[in-house]
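Here is a short report for a first look. Please view the sequence and the structure below before reading on.

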Amino acid sequence: MLFGVVAGLGELMMARSLLDGAFDGPAGPALAPLLAMLGLPFLALGLYAVTTGAATAVQFQGPRVWLRTPLVYLLVGLGLLLAAGTAA
């Protein structure tokens, strides 16, 4: 529940930046908050999977375990937040 609350607060903080960037001028400043808003829920789901052990519930072996459903959310969320930081 903690990850959901933190992600929700992050979404609310990014919403104002997104609206300011989308309606005040060129669309360039709206890209970073948009990517951050997309990345926060994925990051929260991935962190939840890592901390609760949901990622180890399915028995996968090898390096491709990070490309399976519970853990790939963490990688996608981190990638989107990295892209948001780059766009800012």
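How are H2 and H3 oriented to each other: roughly parallel, roughly antiparallel, roughly perpendicular or oblique? H2 and H3 are roughly antiparallel to each other, because angles over 145 degrees count as roughly antiparallel, those under 35 as roughly parallel, 65 to 115 as roughly perpendicular and the rest as oblique.

**Basis of the model**

This is a predicted model: local features need pLDDT of at least 70, side-chain atom pairs count only at pLDDT 80 or more, and totals for chains, interfaces and linings use all residues. Residues are numbered from 1 along each chain as its sequence is written, and side-chain values use heavy atoms, with hydrogens and water left out.

The pLDDT is the predictor's confidence in each residue, from 0 to 100. Its average over the protein is 84. At least 70 is reached by 85% of the residues.

**Layout**

The protein has three helices and zero strands. The order from the N terminus is α-α-α. Helices (H or I, at least four residues) and strands (E, at least two) are DSSP runs, numbered from the N terminus. Two helices mark the ends of the confidence range among the elements.

| Helix | Residues | Mean pLDDT |
|---|---|---|
| H1 (lowest) | residues 2-23 | 88 |
| H2 (highest) | residues 31-52 | 91 |

Of the 88 residues, 27% count as buried. Buried means under 20% relative accessible area, exposed over 50%, and partly exposed in between (1.4 Å probe, protein chains only).

**The H2 and H3 contact**

Helix H3 spans residues 69-87. H2 and H3 pack at an angle of about 155 degrees, with their axes 7 Å apart. Axes are lines fitted to C-alpha atoms, for helices over the stretch in contact, and angles run from 0 to 180 degrees between N-to-C directions. By class, the contact of H2 with H3 has 23 nonpolar, three polar and no charged residues.

**One aromatic pair**

The count comes to one aromatic pair. Phe42 and Tyr73 form this pair, which is tilted, with 6.0 Å centre to centre and 35 degrees between the planes. Rings of Phe, Tyr and Trp (its six-membered ring) pair if their centres lie within 6.5 Å; planes under 30 degrees apart count as stacked, over 60 as edge-to-face and the rest as tilted. Phe42 sits in helix H2 and Tyr73 in helix H3, 31 residues apart. Phe42 is partly exposed at 30% relative accessibility. Tyr73 is partly exposed too, at 28%.

**Thr86**

Thr86 lies in helix H3. Thr86 is exposed, with a relative accessible area of 64%. Its C-alpha atom is 7.8 Å from that of Ala32, 54 residues apart along the chain.

Conventions
Ala, Val, Leu, Ile, Met, Phe, Trp, Tyr, Cys and Pro count as nonpolar, Asp, Glu, Lys and Arg as charged, and the others, Gly among them, as polar.
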